Number of protein chains: 2
Amino acid sequence: MTLGRLNHIGIATPSIERSVETYRTLLGATAIGAPFDLPAQGVRVCFVDAPNTQIELIEPLDDSSPIAGFLRRNPAGGQHHLCFEVPDIDAAIADLTAKGATVLGQPRIGAHGTPIIFVHPRDMGGLLVELMEQPKDH
Amino acid sequence: MTLGRLNHIGIATPSIERSVETYRTLLGATAIGAPFDLPAQGVRVCFVDAPNTQIELIEPLDDSSPIAGFLRRNPAGGQHHLCFEVPDIDAAIADLTAKGATVLGQPRIGAHGTPIIFVHPRDMGGLLVELMEQPKDH
């Protein structure tokens, strides 16, 4: 595996609407997608484009969402994960597992419609890393 | 102000050497700079390149470093800040201040040799945002 593009930075927020307003007003974000639900993951997300990467705003759909737990510990919100692209998710899982890292759960379809997995923060210096198979038209 | 390039993601670590080894071994990072000290900020830093941005590993130089406080709360390390580029740091400060945001301290020279400031996380949904004047040869 070679370190790939940073696809996005995942940022937990109690309110996508308020966060969008903050990024628009204070930082001058202009390319802001429409929020959409990912019910299988218990979240609503919204992508904000920077010139070279994206910010993924993540709001819990309900109290059982993993993001709800994050917000109980960080009520204002904050940085949740980093997502790097890989050419092939199965090859990435095999590589990480062979090196002794723990991949959390099975691959599932992420916000960009391709398979994703998460690596245990214990293996990554406290950082939650998502790996995302890069779209084929990339 | 228009949202600029994500220059880097700042990641606090108790050991740059161990983190470099993790990024190299598990994620396949290959472009890894030499660590260097920023004594005025109480930190040692090391840049790891992804294709479209950089990871800034940050280790405290001593117990009085702000990063030392972060590591007391997050002993394994973790995401510390996001740095976006701006064309002119003084214009960015004036803009943010006019909009009621709090800029922390005075501009100082950052790890890339240009002026930087931090925006209070209270204004940014719990996120610590660094703004960095883009290098003139950029």
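A polar contact is a pair of N or O atoms within 3.5 Å; within protein, one of the two must be able to donate a hydrogen and the other to accept it, and residues adjacent in sequence count only if both atoms are side-chain atoms. In this predicted model, nine residue pairs are in polar contact between chain A and chain B, both residues of each pair being at pLDDT 80 or more.

## The interface of chain A and chain B

The elements of chain A that give two or more residues to the side touching chain B are β1 (6-12), α1 (16-25), β3 (43-49) and β5 (78-86). The largest share of that side, six residues, comes from β5(A). Sorted by class, the side of chain A that touches chain B holds 21 nonpolar, 14 polar and four charged residues.

The contact as a whole takes 39 residues from chain A and 40 residues from chain B. The size of an interface is often expressed as the accessible area lost when the parts come together. Here about 3,300 Å² is buried between chain A and chain B, and carbon and sulfur atoms give 69% of that area. On the side of chain A, the residues that lose the most area to chain B are L3(A), L26(A) and L27(A), which together account for 23% of what that side buries.

Over all chains, however, the count comes to 14 salt bridges. One of the pairs that meet in a salt bridge is E85(A) with R5(A), at 2.8 Å from N to O. This pair links distant parts of the chain, with E85(A) in strand β5 of chain A and R5(A) in the segment before β1 of chain A, 80 residues apart.

## The sheet and helices of chain A

Chain A contains an open sheet of eight strands with mixed pairing, in the order β2-β3-β4-β1-β5-β8-β7-β6. Strands β2 (36-38) and β6 (103-109) of chain A stand at the edges with a single partner strand each, so one side of each has no neighbour in the sheet. On average, neighbouring strands of this sheet are turned by 30 degrees against each other, direction ignored.

Within the sheet, β3(A) and β4(A) (residues 54-60) run antiparallel and are joined by seven bridges. D49(A) stands opposite Q54(A) of β4(A). Helix α2(A) (residues 66-73) lies across β1, β3, β4 and β5 of chain A and runs at about 90 degrees to β4(A). Helix α3(A) (residues 89-98) also packs on the sheet, where it touches β5, β6, β7 (115-119) and β8 (129-133) of chain A; the direction of α3(A) makes about 20 degrees with that of β7(A).

## The sheet and helices of chain B

In chain B, eight strands form an open sheet in the order β2-β3-β4-β1-β5-β8-β7-β6, with mixed pairing. The edge strands are β2 (36-38) and β6 of chain B, each with a single partner strand, so one side of each is left without a neighbour in the sheet. Neighbouring strands are turned by 30 degrees against each other on average, direction ignored.

| Strand pair | Bridges |
|---|---|
| β1(B) (residues 6-12) and β5(B) (residues 78-86) | six bridges |
| β6(B) (residues 103-109) and β7(B) (residues 115-119) | four bridges |

In β5(B), Q79(B) is the bridge partner of I11(B). Helix α1(B) (residues 16-25) packs on the sheet and touches β1, β3 (43-49) and β4 (54-60) of chain B; the direction of α1(B) makes about 155 degrees with that of β4(B). Helix α2(B) (residues 66-73) lies across β1, β3, β4 and β5 of chain B and runs at about 90 degrees to β4(B).

## The hairpin of β6(B) and β7(B)

In β7(B), P115(B) is the bridge partner of I109(B). The hairpin has five residues between the strands, and G113(B) takes a positive phi near 85 degrees. A111(B) is found in the loop between β6 and β7 of chain B. Not counting residues up to four places away in sequence, A111(B) touches F36(B), L38(B), V45(B), F47(B) and E56(B). The C-alpha atoms of A111(B) and L127(B) are separated by 20 Å, the two residues being 16 residues apart along the chain.

Terms used. Residues numbered from 1 in each chain as written. Chains lettered and ligands numbered in written order. Predicted model: local features only at pLDDT ≥ 70, side-chain atom pairs only at ≥ 80, totals over all residues. Heavy atoms only, no water. Contact = heavy atoms within 4.5 Å. Buried area = accessible area lost by both parts, 1.4 Å probe. Nonpolar A, V, L, I, M, F, W, Y, C, P; charged D, E, K, R; others polar. Pairing = 2+ DSSP bridges. Axes fitted to C-alpha atoms, helices over the stretch in contact; angles between N-to-C directions. Salt bridge = Lys/Arg side-chain N within 4 Å of Asp/Glu carboxyl O.
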